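User: Hi! I would like to learn how to read helix packing and overall shape in a model. Could you walk me through it?

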Amino acid sequence: MKKIALCLAVLLLLCGCGRTEPEPAATPDPEPAPVQEENSISFLAMDTYMTVRAWGADDDQLGAVRDAVYELDELLSVTAETSEIARLNAGDTVTLSEQTRTLLEKALQLCEKTDGALDISLYPVVKAWGFTTSEYRIPHETEINELLQNVGFRRIGLSGSGAILPEGMEIDLGSIAKGYAGDLIASMLREDGVTSAILDLGGNIHTVGAKPDGSPWRVGVRDPQSDGYLGVLSVEDKAVVTSGGYIRYFVGEDGETYWHIIDPSTGYPAKNGLISVTIVGDEGAVCDGLSTSLFVMGLDKATDYWRQNGGFEAVFITDDGQVYVTAGLQDTYEPRGAACRVIGSKS
Ligand code: AMP
Ligand code: MG
């Protein structure tokens, strides 16, 4: 009899019938989240066609974003004579706006950290190659060596909000400015409550949150040899910035290809075995500066830099078509075609 009573108690418990608490009152279905409409704006700034697609942003908000980038461009442009950078290059002592000052400091920190692989004072050399005007030429070695005398970011003088350049020196923040513009746009959209947006600033991609359906954004890594992609990255809230030898280049009379990323130690286009570097990270300005400077370093030094500093991930494509991804991208980089090798945190 005791056995039967025990079995009955166990059975009641298993069926859930033994509970004494009252059934919870039925709750109404949660309100369905409002469907966010996509809105977008495209404009030309920083010599680049920019497109911002944001879900839930109105025309005024997107217009404000565009105007903020125009204002930034007016401060930084090397060709607009009245910009703060152009006035510095003309030898004026300039009281810098907060934005220019912030970006200049950020750029100088990266120049230092990359041991001069990034050097914002390389501008006279970049001009001599014609990369600023598209009137390409191969400068003579003596001309390059003379221009290199005026290259050296450590000589840039910053004091308080003022800045001055030694005579003959000129700077250009082009290697990092678009990344900074991406940070500016993303932060304005986030302040407006936007939780889903993707910005394409001439190939620099910035993402806010995830896609409207909650899945990660998918960003292609260009194949330097074709219009296709070598792989796809799944990202949320990240900047994805590429520097490539295939983006701006010319073929000289000698049949050689010369591209726009210059090695400050030689004054010649950086040919250290890489054809493309993509940096994935939280801050666009840093990603932009790193994509340029890690391209200059070549694979081994770039890998060492990643191991020592961290805080970002990278996809490297060598000039013979090998693809390398840093360990943090192992699960987010999907190869298309070419297989990739994973670079671990230890050599
Ligand atoms: P990015 O497309 O971001 O890699 O930037 C390349 C641009 O930065 C070039 O068009 C040049 O104006 C400039 N640049 C090229 N090489 C360097 C370098 N080593 N350091 C700083 N700026 C550079
Ligand atoms: Mg860059």
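Analyst: Happy to! Let us begin with handedness: a crossing counts as right-handed if the near helix is turned clockwise from the far one by less than a right angle, and as left-handed if it is turned anticlockwise. Please keep in mind that this is a predicted model. Here, helix 7 and helix 8 cross in the right-handed sense.

User: How do the axes of helix 7 and helix 8 run relative to each other?

Analyst: The general idea is that angles over 145 degrees count as roughly antiparallel. The axes of helix 7 (residues 177–191) and helix 8 (residues 284–297) cross at roughly 160° and come within 7 Å. Helix 7 is therefore roughly antiparallel to helix 8.

User: Which residues of helix 7 and helix 8 meet?

Analyst: From helix 7, Ala177, Lys178, Gly179, Tyr180 and Asp183 take part, and they meet Gly284, Ala285 and Asp288 in helix 8. By class, this contact has 3 nonpolar, 2 polar and 3 charged residues.

User: What about the angle between helix 2 and helix 4?

Analyst: The axes of helix 2 (residues 59–76) and helix 4 (residues 98–113) cross at roughly 70° and come within 10 Å. Helix 2 is therefore roughly perpendicular to helix 4. Their crossing is right-handed. Leu72, Leu75 and Leu76 in helix 2 meet Gln99, Thr100 and Leu103 in helix 4, and the contact residues divide into 4 nonpolar, 2 polar and no charged.

User: Finally, why is the chain described as more spread out than a compact globule?

Analyst: The chain has 9 helices and 17 strands. Its radius of gyration is 26 Å, well over the 20 Å that the globule rule gives for 347 residues, so the chain is more spread out than a compact globule. The C-alpha trace spans about 105 × 45 × 40 Å along its principal axes. Of the 347 residues, 46% count as buried. Among contacts between residues at least 6 apart in sequence, 57% join residues at least 24 apart.

Terms used. Residues are numbered from 1 along each chain as its sequence is written. Chains are lettered from A and ligands numbered from 1 in the order in which they are written. This is a predicted model: local features need pLDDT of at least 70, side-chain atom pairs count only at pLDDT 80 or more; totals for chains, interfaces and linings use all residues. Side-chain values use heavy atoms; hydrogens and water are left out. Axes are lines fitted to C-alpha atoms, for helices over the stretch in contact, and angles run from 0 to 180 degrees between N-to-C directions. Helices (H or I, at least four residues) and strands (E, at least two) are DSSP runs, numbered from the N terminus. Angles under 35 degrees count as roughly parallel, over 145 as roughly antiparallel, 65 to 115 as roughly perpendicular and the rest as oblique. Contact means heavy atoms within 4.5 Å. Ala, Val, Leu, Ile, Met, Phe, Trp, Tyr, Cys and Pro count as nonpolar, Asp, Glu, Lys and Arg as charged, and the others, Gly among them, as polar. The radius of gyration is taken over C-alpha atoms; the globule rule is 2.2 Å times the number of residues to the power 0.38. Buried means under 20% relative accessible area, exposed over 50%, partly exposed in between (1.4 Å probe, protein chains only).
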